[in-house]
Amino acid sequence: EPSALRIKADRQAIASDGQDLSFLTVEVVDKEGTRLPFAEELVEFNIEGPGKIVGVGSARPNSVESFQHLRRTSFEGRCIVIVKATEETGDISLSASSGALESATQIISAR
């Protein structure tokens, strides 16, 4: 049974050059932390700091959800968020939430 969300960033720091990207995978997990491959949960994203969300997605081949919205339905227990740095330095905080599931937050440093 789905219990929480987990976020994994491809790296912990990105350049604050207005172009660098970080790809963050959001997973739906059970209370033991195991990804649930059949989970389909609507995940909403929030970002704070010197970055912006430039795209969201999942591997669902027939999805009609926008790549530009701040939410995405997970497919096989996963979805992805692409964060782009601004030209300011500091910590970028990405949070993901979905109904009653435990939320997750990931910090990326923009240097």
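Me: What is the bridge partner of Val56 in strand 7 of this predicted model?
Reply: Val81 is the bridge partner of Val56. The model is predicted.

Me: What makes strand 5 and strand 7 a pair?
Reply: The pairing rule asks for at least two bridges between two strands. Strand 5 and strand 7 (residues 78-85) have six, in the antiparallel sense. They therefore count as paired.

Me: Why is strand 5 called mostly covered?
Reply: A residue is buried under 20% relative accessible area. In strand 5 (residues 51-57), five of the seven residues are buried.

Me: Which strands make up the open sheet, and in what order?
Reply: The order is 2-9-8-4-6. The sheet has five strands, with mixed pairing.

Me: What makes strand 2 and strand 6 edge strands?
Reply: Each pairs on one side only. Strand 2 covers 13-14 and strand 6 covers 71-73.

Me: How do you know that strand 2 pairs with strand 9?
Reply: Two bridges join them. The rule needs at least two, so the pair qualifies. The two strands run parallel. Ala13 stands opposite Ser109 in strand 9.

Me: In what sense does strand 8 pair with strand 9, and with strand 4?
Reply: Strand 8 pairs with strand 9 in the antiparallel sense over seven bridges. Here Ala96 stands opposite Ala104. Strand 4 (residues 42-48) and strand 8 (residues 90-97) are also antiparallel, over five bridges. In that pair, Ile47 stands opposite Leu94.

Me: What lies between strand 8 and strand 9 in their hairpin?
Reply: Six residues lie between them. Gly99, in the turn, has a positive phi of about 50°.

Me: How many residues of strand 9 are buried?
Reply: Five of its seven residues, 104-110, are buried, so under the 20% cut-off strand 9 is mostly covered.

Me: How many helices and how many strands does the protein have?
Reply: Zero helices and nine strands.

Me: How do you know that the radius of gyration agrees with a compact globule?
Reply: With 111 residues, a compact globule would have a radius near 13 Å. The protein has 14 Å, which agrees. Along its principal axes, the C-alpha trace spans about 40 × 30 × 20 Å.

Me: What share of the residues is buried?
Reply: Buried residues make up 42% of the 111.

Technical notes:
Residues numbered from 1 in each chain as written. Predicted model: local features only at pLDDT ≥ 70, side-chain atom pairs only at ≥ 80, totals over all residues. Heavy atoms only, no water. Helix = DSSP H or I, 4+ residues; strand = E, 2+ residues; numbered from the N terminus. Buried < 20%, exposed > 50% of the residue type's maximum accessible area, 1.4 Å probe, protein only. Rg over C-alpha atoms; globule rule 2.2 N^0.38 Å.
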